[in-house]
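Colleague: I am new to this structure and would like to learn how to read its pockets. Please start with the general idea.

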Amino acid sequence: MKIVDIRATTVAVPLEAPLRHSNGAHWGRFVRTLVEVETDEGFVGLGEMGGGGESAEAAFRALLPYLKGHDPFQLEALRFKIANPTASLYNNRTQLLAAIEFACLDVIGQRLGVPVCDLLGGRIRDEVPFASYLFFRYAAEGHPEIRTPDQLVEHARDLRQAHGFTVHKLKGGVFPPDHELECYRALADAFPGDRLRYDPNAVLSLAEGLRFGRAIEDLNNDYLEDPVWGLEGLRAVREQVRVPLATNTVVVNFEQLASNVLRRAADVVLLDTTFWGGIRPCVKAAGVCETFQLGIAVHSSGELGVQLATMLHLGAVLPNLTYAADAHYHQLQDDVIEGGPLPYERGAIAVPTAPGLGVRLDKDKVARYAELYRELGGYPYDRDPGRPGWYAQVPNERFADPTVSREVPL
């Protein structure tokens, strides 16, 4: 079996509302690039990558001369053909590799008639639990803003009732730490039996990171995620705060994982199927973490249904996955896969059982959201539409004003 074609289509899928984060915002939509890898036997495997637009489409098209005639079963050769570690110093293709790996695994599963998780060692769970993933956000039609503790708790309560979440992750770094601490403690008061996690995306100073960490030591925390930037910063916080630390920013490859094993900075590694270059590297990394008693969770980088499927198959095979996964998925208004968005039940999503990734593209929706992308274009992820001229610094001192309600033109 040989690869004969690679197609890439960029789509814009609407969110319920613009989501704010420490470095900017998601401007009311996710821009994702869908990948189709076609073989000479007629199988079409699916992949997905965040953002990129025309540049991502061109980058995937440019891979065809590298991969035309390549056997999708040859996954290790694929890795070096696309992401040779020396060549990648000049042309980092890790996320491109991930999307192609997803598609090749999808093809292999279809060819063999088994789900991808069976190619990774076999499922040990039939569903993967998820956290609620709460954002401060701007208002949109039918969806109120989230800025205050009361607004945040009401939103979390609605999500808990709709989807069954019992773990709540607050994406912070938007407002001053004292305000976000008030919001976080309000969640703890509202849901005393549930677990919590906080992620300011590494924009706190060391002093603020320590202060925030100490102020939540009495709560039912899963972990404090990337309170400050870098392995050395995390080590400093970990030495002085009695809350497990997690990261998805500075342990995203095996060199960094080795450094974290030798001198521990993070207790929990958030494995992202895109950031690590595919599902298989995440399985390898999870094995290292199991050996050295590091916790793992599944990270979200703003998925549609194709990448969500990769996260589900990954979660299905990891024996040491003791934390609920992250997903932006419930923030979407729609999806590009047949049958619409995969449903949550009791805070979890079932692992697909059909061959390959177990999801197929809805061609009409792909066409609709590709047209929406052509109409709206991309957006600067590291800018906030409600704060013209602002940009994030690390550590950040210029937080948004929590007393001001803003409307944003999108």
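Modeller: On a 1 Å grid over the protein atoms alone, a pocket is an open set of points where a 1.4 Å probe fits, with protein on both sides within 12 Å along at least five of seven lines; lining residues have an atom within 4 Å of a point. A volume is the space filled by probe spheres set on the points, which are joined across faces, edges and corners. The model is predicted, so local features need pLDDT of at least 70 and side-chain atom pairs pLDDT 80 or more, while totals for chains, interfaces and linings use all residues. Residues are numbered from 1 along each chain as its sequence is written, and side-chain values use heavy atoms, without hydrogens and water.

Colleague: How much space lies in the largest pocket, and which residues lie nearest its centre?

Modeller: The largest pocket holds about 820 Å³. Its lining has 26 residues, with Ala83, Thr94, Asn253, Phe275 and Trp276 nearest the centre. Helices are DSSP runs of H or I, at least four residues, and strands are runs of E, at least two, numbered from the N terminus. Here α2 gives the most to the lining, six residues.

Colleague: What is the second largest pocket like?

Modeller: About 680 Å³ of space lies in the second largest pocket. Among its 30 lining residues, His26, Arg32, Phe275, Ser301 and Tyr381 are the closest to its centre. Strand β4 (residues 29-39) gives the most to this lining, with three residues.
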